[in-house]
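Visitor: Could you walk me through this structure, with a careful explanation of each term as it comes up?

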Amino acid sequence: MLIIRRILHGSSAVALLLVPVLPAGAAVPGDAPPPGVVGGERLGAAGAQVAPGPGAPPLPKDLTGQSWVVADAGSGQVLAAFNAHAQLPPASTLKMLFADTVLPRFPASQVHRVTWTELQGMGAGSSLVGIKEDLDYKVEDLWRGVFLSSGNDAVHVLANMNGGVAKTVADMQARAEQLQARDTHVVSPDGYDMDGQVTSAYDLTLFARAGLRNPEFRGYCATRWAQFPGAVDKKTGQRGSFGIANTDRLLGKYPGLIGVKNGYTTNAGATYTGAAERDGRTLLVTVMHPANGTKVYDEAAALLDWGFAAAGKVTPVGALAEDGAPEQQAPAAAAQPVADAPAPSGTPAGSAPPAAPAGPASGLAAHAAAGGPGPATWSAVGLCAAVAVAGLLRLRALRRRAARSGG
């Protein structure tokens, strides 16, 4: 609703100011997020955070991870944490956010022919599953390449199917904001070391919790091995396949482990998020950058053991933020690869067109979608306000001139 107020009258031109009336409790567009630490103030403190009660076991000794979190996936309670919001390079654990963002957009049975362009732009030394150009792949095979082999080539093919790498990065950032993962800044969809790309143990735990609510995500991350489509034999014309195994060293070894994702890069060191179920309780653990890469699994297993023993005997030190996406969010329509689509007018050739956010609209667009004034109305507000101010200044000038002349 708009209220029209006359603010100037007399010899000067009449100017109208349109004052928008927002629904009760609505945030003004552009407002800063509410203060405080996501998940609770203790999670913003440095060092180990734990509140043991009677009979609670001590935390594992000799933990070297720069940041870690142990949380209950069901209740969202954070049982213990260490530098939970420290911003660190993510490595391939960022693929959890990629999968949570993109996986719902394409049916598993969809077939896609890979182009040369889709396999470009990967960082040197990237982990690969072995995708070849000019061959057909089912979407479900591409996702097995992401989850089992941590294949950056599979990520780039799926990102191009989603409209391009730049659009996918924007979609992932929007999804992170829905999850209140405010420590995360996405630069590449595969987690490869890039300047400014960071996340936190807290945010990675949010990504895992959200992803595991999708049965497909849960199924892929729990898969220990699979056959992956190979090249075509030139003599027989038959297409072969080869075996791939999940690089998560705890999968199949730690009792009750569900998944989720491991990673390693030079800058990030080893990173790991795992989920395990025992006696009807599912725990999540994230460990980032321990003293050496092999210790990430030992420390994650030790924290899971502690969490199952400590559950019900410690006071939570925080909570996992809830997903801000609509409960029945419709999957986005499959986008055409940028390389195969003509650039819209005004867009440089080869660049991605502006992407619609993966989640609900924000700012002015969100207010318009909720029934409030849209962007055009706000533009009119700004114009009318400018006219009003100009009229007021002219009126004051005329009055001063009249006063000087005695009139």
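Guide: What follows is a set of questions and answers on helix packing and backbone geometry.

Guide: This is a predicted model, in which local features need pLDDT of at least 70 and side-chain atom pairs count only at pLDDT 80 or more, while totals for chains, interfaces and linings use all residues. Residues are numbered from 1 along each chain as its sequence is written, and side-chain values use heavy atoms, with hydrogens and water left out.

Visitor: At what angle do the axes of H2 and H3 cross?

Guide: Helices (H or I, at least four residues) and strands (E, at least two) are DSSP runs, numbered from the N terminus; here H2 spans residues 139-147 and H3 spans residues 152-161. Axes are lines fitted to C-alpha atoms, for helices over the stretch in contact, and angles run from 0 to 180 degrees between N-to-C directions. The axes of H2 and H3 come within 8 Å, and they cross at roughly 135°.

Visitor: How do the residues of the contact of H2 with H3 divide into nonpolar, polar and charged?

Guide: Contact means heavy atoms within 4.5 Å, and among the residues making it are Leu142 and Trp143 of H2 and Val155 and Leu158 of H3. Ala, Val, Leu, Ile, Met, Phe, Trp, Tyr, Cys and Pro count as nonpolar, Asp, Glu, Lys and Arg as charged, and the others, Gly among them, as polar. On that basis the contact of H2 with H3 divides into 9 nonpolar, 1 polar and no charged.

Visitor: Which residues of H6 are buried, and what arc do they cover around the axis?

Guide: Buried means under 20% relative accessible area, exposed over 50%, and partly exposed in between (1.4 Å probe, protein chains only). In H6, residues 215-222, the buried residues are Phe217, Tyr220 and Cys221. The arc is that of the directions from the helix axis to the C-beta atoms, and these residues lie on the same side of H6 because they cover an arc of only 95°.

Visitor: Which peptide bond is cis?

Guide: Most residues other than glycine have a negative phi, and most peptide bonds are trans. Valine 260 is found in strand S10, and the cis bond, with omega near 20°, runs from glycine 259 to valine 260.

Visitor: What is phi of asparagine 83?

Guide: Asparagine 83 lies in the loop between strand S5 (77-82) and H1, and it counts as partly exposed because its relative accessibility is 21%. Its phi is positive, in a residue other than glycine, and is near 50°.
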